[in-house]
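Here are my notes for your first look at this model. Keep the structure open beside you and take the points in order.

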Amino acid sequence: MAALAVNQFAQCITCHAWSPDLSMVAFCPNNNEVHIYKLLEEKWEKVHVLQKHDQIVSGIDWSRRSNKIVTVSHDRNSYVWNQEGPEWVPTLVILRLNRAALCVQWSPKENKFAVGSGAKTVCICYYEQENNWWVSKLIRKRHDSSVTSVAWHPNNILLATTSTDGKCRVFSTFIKGVDTRESKTGSSSDSKFGEQILQLDLSFSWAFGVKWSPSGNRLAYVGHNSMIYFVDDVGPSPLAQNLAFCNLPLRDVLFVSEKMVIGVGFDCNPMVFAADDSGIWSFIRFLGERKSSSSGPKSGSQLSEAFGKLYGQSKHGLSNDTVEPSRTQGIVHENCINCIISLRKEGFRTKRFSTSGLDGKVVIWDLENHEDLCDYL
């Protein structure tokens with residue numbers, strides 16, 4: 001079993017993020033708050049509650065170098081939280097949106113962050129020392145629908161996006177005075193802010209969960225049609241592969257290495273995809289234990305058991321103040337997994353990652369002792 005720890009933090013979690021030293025986790029329990037838990041004496045205890053948004057928090061990212069938290073919400077606002085003593089102090093970000101903010105991510109150098117929105121725009125936010133606030137430049141009139149995810153290239157300039165118009169796009173985000181000329185490499189060397197470098201029309205359904213590989217030479221994203229798309233040599237002549245699978249659609253992906261991708265979504269079980277020596281991607285297996293399907297009289301008892309669990313969970317509430325790790329039995333997640341994050345400390349390589357889902361769990365996974373996956377790591 002790859003799951004190291006399973007923690008039931010809430011009844012539902014929309015997104016989560018980890019502190020730089022991985023000692024604290026921040027998540028939204030499907031409301032307008034952000035809860036921060038810390039592991040104290042082998043128990044997770046709530047230490048902070050960030051309250052500033054008016055509607056559901058849809059995105060959280062915790063910077064690894066500067067220890068800042070950025071949050072976005074359906075209320076069209078974004079805040080950057082700085083820890084001053086025991087408290088977290090918010091700073092409003094000027095987004096200029098007329099629709100909900102849906103996703104957010106810090107850039108690799110943490111001097112910018114990108115916000116995807118339901119207004120068909122992407123906000124590239126940066127800090128103005130003169131006015132002591134965060135402002136944004138907008139990439140407009142490029143998307144035909146909501147921007148569902150954003151991903152920064154390692155060069156801190158290129159930004160990949162996915163949208164419910166079914167397309168994946170790559171833009172230049174070079175901002176004079178914020179970025180340096182030395183950081184402009186490859187196809188972005190002569191591009192201006194907001195210039196579209198690439199548009200991929202591989203999916204005929206909603207697109208989600210775009211991610212770059214560690215080297216920045218590969219790109220992966222998923223469609224709501226139970227397909228995952230891999231793109232090599234991102235540039236004027238990209239090489240794309242479409243991989244269909246017979247399971248429920250994915251919502252997010254993560255590059256563990258250049259040759260391995262973990263996909264999570266509505267099947268409630270992480271899926272492992274890997275590339276062979278020739279660069280052909282394929283589905284390897286599910287990461288968690290998978291319950292065997294049964295037929296006949298047993299199916300009725302399983303249905304009754306499922307309803308019993310459903311109504312049993314609704315009768316007793318969950319205490320969010322203290323959470324004890326639970327044991328893993330069968331499939332770890334019991335509802336859609338909507339977020340996957342690498343648990344990599346600065347300067348260290350790790351084979352661990354975490355997932356959160358609509359079942360209110362945050363699960364830590366480890367690929368260390370999986371012999372059949374070692375060749376791809």
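1. Start with a loop residue. Glu41 is exposed, with a relative accessible area of 78%. (Buried means under 20% relative accessible area, exposed over 50%, and partly exposed in between, with a 1.4 Å probe and protein chains only.) Glu41 lies in the loop between β4 (33-40) and β5 (43-51). Strands here are DSSP runs (E, at least two residues), numbered from the N terminus. Glu41 is not a glycine, yet its phi is positive, about 55°. Most residues other than glycine have a negative phi.

2. Some ground rules. This is a predicted model: local features need pLDDT of at least 70, side-chain atom pairs count only at pLDDT 80 or more, and totals for chains, interfaces and linings use all residues. Residues are numbered from 1 along each chain as its sequence is written, and side-chain values use heavy atoms, with hydrogens and water left out.

3. Now look at Asn67. It also has a positive phi of about 55° although it is not a glycine. Asn67 is in the loop between β6 (57-62) and β7 (69-73). Its relative accessible area is 26%, so it counts as partly exposed.

4. Next, the aromatic rings. How many aromatic pairs does a search of the whole structure find? It finds 19. Trp106 and Phe113 form an edge-to-face pair, 5.2 Å centre to centre, with 70° between the planes. (Rings of Phe, Tyr and Trp, the last by its six-membered ring, pair if their centres lie within 6.5 Å; planes under 30 degrees apart count as stacked, over 60 as edge-to-face and the rest as tilted.) Phe113 also pairs with Trp134; that pair is tilted, at 5.4 Å centre to centre and 50° between the planes. Phe113 lies in strand β11 (residues 112-117) and Trp134 in strand β13 (residues 133-139), so the pair ties together parts that are 21 residues apart in sequence.

5. Phe113 is buried at 0%. Trp134 is buried at 4%.

6. One cluster is formed by Phe230, Phe245, Phe255, Phe273, Trp281, Phe283 and Phe286. Find Phe273 again in point 10.

7. Two charges sit over rings. The charged end of Lys137 is over the ring of Phe193, 4.5 Å from its centre. The charged end of Arg251 is over the ring of Phe208, 4.4 Å from its centre. (The test: NZ of Lys or CZ of Arg is within 6 Å of the ring centre and within 35 degrees of the ring normal.)

8. Turn to an open sheet of 4 strands. Its order is β14-β15-β16-β17, with antiparallel pairing. (Two strands pair if DSSP finds at least two bridges between them.) Strands of a sheet pair through backbone hydrogen bonds. β14 (147-152) and β17 (196-200) stand at the edges with a single partner strand each, so one side of each has no neighbour in the sheet. The twist averages 20° from one strand to the next. (Axes are lines fitted to C-alpha atoms, and angles run from 0 to 180 degrees between N-to-C directions.) Strand β16 (residues 168-172) is joined to β17 by 4 bridges. Arg169 has Gln199 in β17 as its bridge partner.

9. Between β16 and β17 runs a loop, and Asp179 is in it. Asp179 is buried, with a relative accessible area of 9%. Its side chain makes a polar contact with the side chain of Asn156 (3.3 Å). (A polar contact is a pair of N or O atoms within 3.5 Å; within protein, one must be able to donate a hydrogen and the other to accept it, and residues adjacent in sequence count only if both atoms are side-chain atoms.)

10. Another open sheet of 4 strands has the order β22-β23-β24-β25, also antiparallel. The edge strands are β22 (250-257) and β25 (281-286), each pairing on one side only. The twist averages 25° from one strand to the next. β23 (residues 260-265) and β24 (residues 271-275) pair over 4 bridges. Val261 has Phe273 in β24 as its bridge partner.
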